[in-house]
Protein chains: 2
Amino acid sequence: MTTTKRPVGRPATIADPRQTIMAHAARMFATQGYENTSLSQIASATGISKAALYHYFPAKQEIYDAIVVEMLQSMKDQVWARVEQQSSFKDRLKAFMTAHADFFQDNYQEFVTLLHGISGTSRGRSAEELAARARYENALRSLVQSGTEAGDIRQQDTAVVARAILAPLNAMPRWFNPKGTRRAAEFAEEFFDLLFEGLRQR
Amino acid sequence: MTTTKRPVGRPATIADPRQTIMAHAARMFATQGYENTSLSQIASATGISKAALYHYFPAKQEIYDAIVVEMLQSMKDQVWARVEQQSSFKDRLKAFMTAHADFFQDNYQEFVTLLHGISGTSRGRSAEELAARARYENALRSLVQSGTEAGDIRQQDTAVVARAILAPLNAMPRWFNPKGTRRAAEFAEEFFDLLFEGLRQR
């Protein structure tokens, strides 16, 4: 490892520069908005030259896309780590819903602005983002399928069930108050109970 | 009523000019996008001068807001006309969900671009739009409340139940294919069944 002065344009010598750039950019996109954040500002916050930044990300949109894909992958990893601690289908589904809500709340600012694009770009979602979202939903469909096969849930269209599970979680950014007294996971548990047991009075 | 040539800036003599402007603008926003539609184009499509257009709507954003509020009100009227044809809570809730899906499908292009803002503006929702959305959701909460009071549904947080009902309907623009073989209302009926009866195998 060299400590001599780098020529402009050469990759930065900071540890894991790609991750460092993404972390700074994510914070800036979330707090000041995508449109109001320039590549120069990101380079400056990261402590590298603009030319070095270009080495990793030739365009601002690519940083944004990389952040979103990484966030979806982290969410999947964290949620699934919780699901796999449980054995029954019922407990696994409850773990899925509450872990999803915890991830949402723990990463509130970035989740709302980046995943929901509230201050995002007008461009559509990248192919990589769509693939990451599909992986997330497919994992849920597999869980639902396992519950159906085990006879824990009624025979239903797996895709429809997965959508009914995800929809109230995905809608939370519209109304959840992160400064309120109730945790997102408490609402997720109510959604779980509603879906699993049904509205009907028996 | 006069048929003499109007001075520029005087209101147009077309029938219900406000509604006519909104209808043309809604079609243009939905097909070519809000940003790509100018006041001049809207005036031209409506067959009035730009000055006459200004008489009704001083800014493009006001046309957009008026269209969205009117669409929400129409949806509420049409959905509630169907709900009120039913008597039991179960049938009323099913009517709510399927009528909502029918409105979505029958007004697909405008619903997706205007209500979901996919090609909308970067500005937040207007106070009038938020109020119209609140009226829609409050009507649903009242329906849920009546079902709880009648003992048809388990005691639950009414707001949480209303969100669980609306979320899968509101998420339909993300995945529903209007050219596919299944009607939106068929999916809505599956969501209804899931929510009402629950996932659990009994």
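Me: Which residue of chain A forms a salt bridge with Arg182(B)?
Reply: The model is a predicted one. A salt bridge needs a side-chain nitrogen of Lys or Arg within 4 Å of a carboxyl oxygen of Asp or Glu. For Arg182(B), the closest N and O atoms of the pair are 3.9 Å apart. The partner in chain A is Asp157(A).

Me: How many salt bridges are there between chain A and chain B?
Reply: The pair of Arg182(B) and Asp157(A) is a salt bridge between the chains. Polar contacts between chain A and chain B, with both residues at pLDDT 80 or more, come to 20 residue pairs. For salt bridges between chain A and chain B, the count is eight.

Me: Which helix gives the most to the side of chain A that touches chain B?
Reply: H5, H8 and H9 of chain A each supply at least two residues of that side. With eight residues, the helix that gives the most is H9(A).

Me: How many residues of the side of chain A that touches chain B are charged?
Reply: Chain A brings 33 residues to the contact, and chain B brings 33 residues. On the chain A side, 15 are nonpolar and six are polar. The charged residues there number 12.

Me: Which three residues supply more than any other three of the area that chain A buries against chain B?
Reply: The area buried between the two chains is about 3400 Å², with 55% of it from carbon and sulfur atoms. Of the part that chain A buries against chain B, three residues supply 22%. They are Arg154(A), Leu199(A) and Arg200(A).

Me: Why is H9(A) described as largely enclosed by the rest of the structure?
Reply: The buried residues of H9(A) include Phe187(A), Phe191(A) and Leu195(A). Their cover includes helices H5 and H8 of chain A, and also H8 and H10 of chain B. H9(A) is called largely enclosed because the buried count is 11 of its 14 residues.

Me: How far apart are the end C-alpha atoms of helix H9 of chain A?
Reply: The helix covers residues 184-197. At 1.5 Å a residue, its 14 residues should span 20 Å. The value in the model agrees, at 20 Å.

Me: Which residue just after H9(A) takes a positive phi?
Reply: The helix H9 of chain A runs over residues 184-197. Just after it, a phi of about 90° is found at Gly198(A).

Note on methods:
Residues numbered from 1 in each chain as written. Chains lettered and ligands numbered in written order. Predicted model: local features only at pLDDT ≥ 70, side-chain atom pairs only at ≥ 80, totals over all residues. Heavy atoms only, no water. Helix = DSSP H or I, 4+ residues; strand = E, 2+ residues; numbered from the N terminus. Expected span 1.5 Å × (residues − 1). Buried < 20%, exposed > 50% of the residue type's maximum accessible area, 1.4 Å probe, protein only. Contact = heavy atoms within 4.5 Å. Buried area = accessible area lost by both parts, 1.4 Å probe. Polar contact = N/O pair within 3.5 Å; in protein donor to acceptor, adjacent residues only side chain to side chain. Nonpolar A, V, L, I, M, F, W, Y, C, P; charged D, E, K, R; others polar.
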